[in-house]
Amino acid sequence: MSRLRFLTAGESHGPALVGIIEGIPSGLRIDAEILLAQARRRKLGYGRGNRQNIETDEVRIVGGVRRGVTLGSPIALVLENKDHVRWAEIMRVDPPDDDAPVARQVHVPRPGHADRIGGIKYAFDDLRDVLERASARETAMRVALGTVARALLAELGVTLSSRVVRIGRAVDETPWRDVTPDEIDSSPVRALDPVAAVAMVQEIEHAKAAGDSLGGVFEVVARNVPVALGSYVQWDRRLEAEVGRTFLALNAIKGVELGLGFGAAAVRGSQAHDEYEPDADARTRYRTNRAGGIEGGMTTGQPIVVRAAMKPIATLMQPLDSVDLRTGEATRAHIERSDTCAVPAAAVIGESLLALVLAEAILDKFGGDSLDELRERVKRWQHTVRAR
Ligand SMILES: Cc1cc2nc3c(=O)[nH]c(=O)nc-3n(C[C@H](O)[C@H](O)[C@H](O)COP(=O)(O)O)c2cc1C
């Protein structure tokens, strides 16, 4: 059984999203403020729809925390959907009072979304039964759960950041420099280079004017990660596999890279691997970080660098061709209120996802029921490693 487990439930316009995370040690400080700070970051980014203005994303802690400190028991979170009041009848949990047809049914699937296959799989006529859960609104809860994991990592000195490197054709490959998280968040698209940011905003504006949508690439970096998390001894203990699974489990993510990633396939070994060299104290260090912080399924102690490719949003205001599933006739796809581009938000979500993967890997290696116990074990390990 995994040391850290989490689940979410809830529909996009339902009463609330709920989440449970189990395995967090006792003694960790958690409060609504930290959860709110990360929830607000998820709403960032030029190109979002107006749902972000409706939702306050205030997460309530309803289990596992007492007087601001975790108890070691499952942590339960609730996030009410403010927009639910407008959808109360359509999304009611109780059986309806009469046989009147429910409003805002969906019968024309959007290419690129879960609508059609979800309807076939669960035998729904009204595709709203699919899209309410397939919607990325659920990621608001994944961010909240990841924020709990992130608070644990912060106690161990591990930090996370992210940035956008591509939106459509606009690219920002500026190497990382010393920036505060606020500096990146203050960019309209969360890019490092302000000139590239302008080009990205323009890409979004042009796509929006054409009733179209955009995807892109974001990068998440974790620093100060203990060395040798994960393992090579069994396929399902390789840490890069867990990173890949977790990022591909984010809506609209179609590719994940670690370090050079696909780029490594195009160069020779001498340009792909990270050579060792002795440092001033005759300890071995890496000269580069092309591997992105994971080698042989284990963390190298270098920053973990993950990139993910997000496809363009599936809901187009100039809708794509589709079929009305009631009549079988060709028509245009359903339109739902939608983002034009959500890559900056996906980058923030990516931080939470990497936090969840790393918190689990740390708990798997070090165990510990209380934060003090865990901290002590990590400290001892870092001391041991430093001596080698
Ligand atoms: C932060 C974020 C926001 C998204 N917003 C929308 C949206 O407004 N409209 C939409 O059609 N898809 C949106 N998506 C993408 C869909 O949720 C996703 O394409 C859909 O669930 C189908 O899954 P798949 O793309 O992984 O195959 C968003 C994804 C993320 C990560």
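Entry 1: For me, buried means 20 or more other C-beta atoms within 10 Å of a residue's own, exposed means 12 or fewer, and partly exposed is in between, with C-beta atoms placed from the backbone. Strands are DSSP runs of E, at least two residues long, and helices are runs of H or I, at least four, numbered from the N terminus.

A note on what I'm looking at: this is a predicted model, where local features need pLDDT of at least 70, side-chain atom pairs count only at pLDDT 80 or more, and totals for chains, interfaces and linings use all residues. Residues are numbered from 1 along each chain as its sequence is written.

**Entry 2: the partners of β2.** Which strands does β2 pair with? Strand β1 (residues 5–9) pairs with β2 in the antiparallel sense over 5 bridges, and β2 also pairs with strand β6 (residues 75–80), again antiparallel, over 6 bridges. Pairing here takes at least two DSSP bridges between two strands. I looked up Leu7 and found Ile20 as its bridge partner in β2; Ile21 stands opposite Ile75 in β6. β1 and β2 form a hairpin with 6 residues between them, and Gly10 in the turn has a positive phi of about 120°.

**Entry 3: helix α9.** Next I checked α9 (residues 239–248), where Leu239, Glu240, Glu242, Val243, Thr246 and Phe247 are buried. Down the axis of α9, these buried residues fall within an arc of 155° (from the directions from the helix axis to the C-beta atoms), so they line one face of the helix. That made me recall that an α-helix has 3.6 residues a turn, so residues three or four places apart point the same way. The buried residues of α9 pack against β10 (253–258), β13 (294–295), β14 (298–299), β15 (304–310) and α11. Contact means C-beta atoms, placed from the backbone, within 7 Å.

**Entry 4: the ligand.** What surrounds the ligand? I found 20 residues around it, with Ala136, Asn251, Thr315, Asp339 and Ala342 coming nearest; a residue is near if its C-beta atom, placed from the backbone, lies within 6 Å. Helix α11 (residues 343–366) gives the most to this shell, with 3 residues.

**Entry 5: the whole protein.** I noted 12 helices and 17 strands. The C-alpha atoms fill a box of roughly 75 × 50 × 40 Å along the principal axes. Of the 388 residues, 40% count as buried.

Methods: Two residues are in contact if their C-beta atoms, placed from the backbone, lie within 7 Å.
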